[in-house]
Amino acid sequence: MAGPLLRSLWSTTRKSLSTSTYYYSTKSTATPKPYAYARRAFSSAATAPAPATAPGGALDPSRLRNVAVIAHVDHGKTTLMDRLLRQCGEDIAHERALDSITLERERGITIASKVTSISWKENELNMVDTPGHADFGGEVERVVGMVEGAILVVDAGEGPLAQTKFVLAKALKYGLRPILLLNKVDRPAVSEERCDEVESLVFDLFANLGATEEQLDFPVLYASAKEGWASSTFTKTPSDDAKNMADLLDAIVRHVPPPTASLDSPFQMMVGSRYGFQATFVSMMEKDFYLGRILTGRVSSGLIRIGDRVHGLRKTDSGAEKIEEGKVVKLMKKKGTSMVVIDSAGAGDIISMAGLTSPSIGHTVANVEVMAALPPVELDPPTISMTFGVNDSPLAGRDGTHCNFLAESGILIENMRREGFELSVSPPKVMYKTENREKLEPIEEVTVEINEEHVGLVMEALSHRRAEVTDMGPVPGNNGRTRMCLTCPSRGLVGYRSVFSSDTRGTGFMHRAFLTYAKHRGPLGNVRKGVLVSMGRGTITSYALMSLEPRGTLFVIPGMEAYDGMIVGEHSRDSDLDVNPVRAKELTNIRSAGKDDTVRLSPPRLMTLEEAIGYVASDELIEVTPKSIRLRKKYLDANKRKMMRNKPKE
């Protein structure tokens, strides 16, 4: 592992060889005069000077900076964006201002990338907030192709984790030179020595990912996004006039190059337009009730105005295919937390437009004389597949208004059920590969941080899932905590998160990211018990559940509806068991059919959507409705299940 001394020597040597005045490290003792700024306090209500404009009304590309904020989940990206917005005069009513999706606010995570612009010292900074979860890696890949720079946010206490590697690899792949921002340095456990150690770990991570010499010469800043300040030198308590984000904003202007695109595009001009226009739409897409489809992307070259005739193009093997032709009815740009209407936009800028209804993510929008489509972003191939179908259970149509299906992940399923859809979902299925007649499977890199007393339990559970430990040691600054790095097949991690939370009593952290395809590691151990399957239809009774409790863990409560083939609990043994949860107490001459008030049942295990997706086996489905999430067998008929029982399971 390269230490702080090695990195310092390498950085010094690199700076002595560099001939560019645009790229240099913040550790340099001599700051180039053109970019030397005196540190001073900026009021949150101050109004930044407007960036210079080029002919045609578009922003001068030399005054643009396109930057993505990337980090491991919960390392402070969205909080940092809040502070940058306030630094540049934006009035933010609440925290996590850019998390506009309901699920983002509920779960406290960023799901979809967000673009906004801020003005700083006659420069326009287009900032992109990206998700930290590897599950939303496509969002990261689509936006890093739109920017020239990135801010890599790393928790100074935790250091780089699994998904830090994932998002950083995407940035380095596109040739970006990230600015390292060590966040949360105000915490008591974080010292200057710890920051040097984390910096060395990040340097090693850059090197292991194949970073170039220019990328390895990254500037380092220290910050507390929560407190609203960043500094080019290590400090835990900056002076009052330095408690702002000026150093970070200045570093963005210095280290991130402007777009190389020119307004003088090579395309033919259109009547009423001075320059040709082409943009890599569509990196992001949304829908407006009045405007219809809104396409967001970066203008690759030329100039676009409201009223221009444009068309959408799709790249094909034989060239480009025209999708739709139309007129630009509205141009918009996100400024702070508001969407502002603009008259024109030029090369290098990130904008939104309305007027076309067919182009989608990865397509090109250009003026009508241009028939060359830009190459789409190549996303990582999927490693997990799921099947979605119409809800065909006996209870279908009771809760939702749409018995249809169209979804890709748990987030989309959750959004759809809130919109009134009913659907059935199969368990995740791993997508294998075959090379040289050898079966390959996706392997993930897993990092867990747990208390020492839970190490044995977690290692035993992961060993059944074919995991292999690659590194293990204490967590710096946390006595009694252990960090383990493992590699594990994707199929082994399906459904493990809830088990992990239970085994660690909610005190553990687990992060995972795709690593590679490797040789199949063989069958998994015993990772789940059998289930209790209903063989009756009707209303579930307390009387029936009272006799089922000793058989295992229940998933239902009295009053719920059940049907043949519905899963009502987990069996205490490895085999499935058919039960009758709707059995009622019969009337006799000495007792009534009612009087179940004295029955005391244990609290059931009510699963969330994500838990259900990870729990179901290959012969089971999830029934998703706006009001309920039920588990069921794929074949509701008991006789058919018996016929399929001998079919080999994965």
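This is a predicted model: local features need pLDDT of at least 70, side-chain atom pairs count only at pLDDT 80 or more; totals for chains, interfaces and linings use all residues.
Helix α6 covers residues 192-208 and has 17 residues. From its first C-alpha to its last it reaches 24 Å, close to the 24 Å expected at 1.5 Å a residue. The buried residues of α6 include R194, C195, V198, V202 and F206. An α-helix has 3.6 residues a turn, so residues three or four places apart point the same way. After α6 comes G210, whose phi is positive, near 80°.

In soluble globular proteins, nonpolar side chains tend to be buried together. The largest nonpolar core in the model has 37 residues, and the members that touch the most others are L152, L180, L182, V185, V202 and F206. Two or more residues of this core come from each of β1 (64-71), α4 (137-144), β4 (149-155), α5 (162-173), β5, α6 and β6 (220-224). The most is given by α6, with six residues. When neighbours within four places in sequence are left aside, the contacts of F206 are L152, L168, L172, P178, A211, Q215, L216 and F218. Another core lies apart from this one; it has 28 residues, among them A225, A246, L249 and I252.

N183 belongs to strand β5, which spans residues 177-183. N183 counts as buried because its relative accessibility is 3%, and the cut-off for buried is under 20%. A polar atom of the N183 side chain lies 3.0 Å from the backbone nitrogen of A225. Beyond four places in sequence, the residues that N183 touches include H75, V153, D155, S224 and A225.

Side chains of opposite charge can pair when their charged atoms come close. The structure holds 23 salt bridges. One of them joins K121 and D250, with an N to O distance of 3.1 Å. K121 is in the loop between β2 (114-120) and β3 (123-129), whereas D250 is in helix α8 (residues 246-255), 129 residues apart. D250 counts as buried, at 6% relative accessibility.

A salt bridge also forms between E124 and K335, whose closest N and O atoms are 2.7 Å apart. Because E124 lies in strand β3 and K335 in strand β12 (residues 330-335), this pair ties together parts that are 211 residues apart in sequence. E124 is buried, with a relative accessible area of 2%, while K335 is partly exposed at 31% relative accessibility.

The side chains of E449 and R483 meet in a salt bridge of 3.3 Å, N to O. Both residues, E449 and R483, are buried. Salt bridges also link R528, D576, D619, E620 and K633 in a network.

Technical notes: Residues are numbered from 1 along each chain as its sequence is written. Side-chain values use heavy atoms; hydrogens and water are left out. Helices (H or I, at least four residues) and strands (E, at least two) are DSSP runs, numbered from the N terminus. Buried means under 20% relative accessible area, exposed over 50%, partly exposed in between (1.4 Å probe, protein chains only). A polar contact is a pair of N or O atoms within 3.5 Å; within protein, one must be able to donate a hydrogen and the other to accept it, and residues adjacent in sequence count only if both atoms are side-chain atoms. Contact means heavy atoms within 4.5 Å. The expected span of a helix is 1.5 Å times one less than its number of residues. A nonpolar core is a set of buried Ala, Val, Leu, Ile, Met, Phe, Trp, Tyr and Cys residues joined through side-chain atoms within 4.5 Å. A salt bridge is a side-chain nitrogen of Lys or Arg within 4 Å of a carboxyl oxygen of Asp or Glu.
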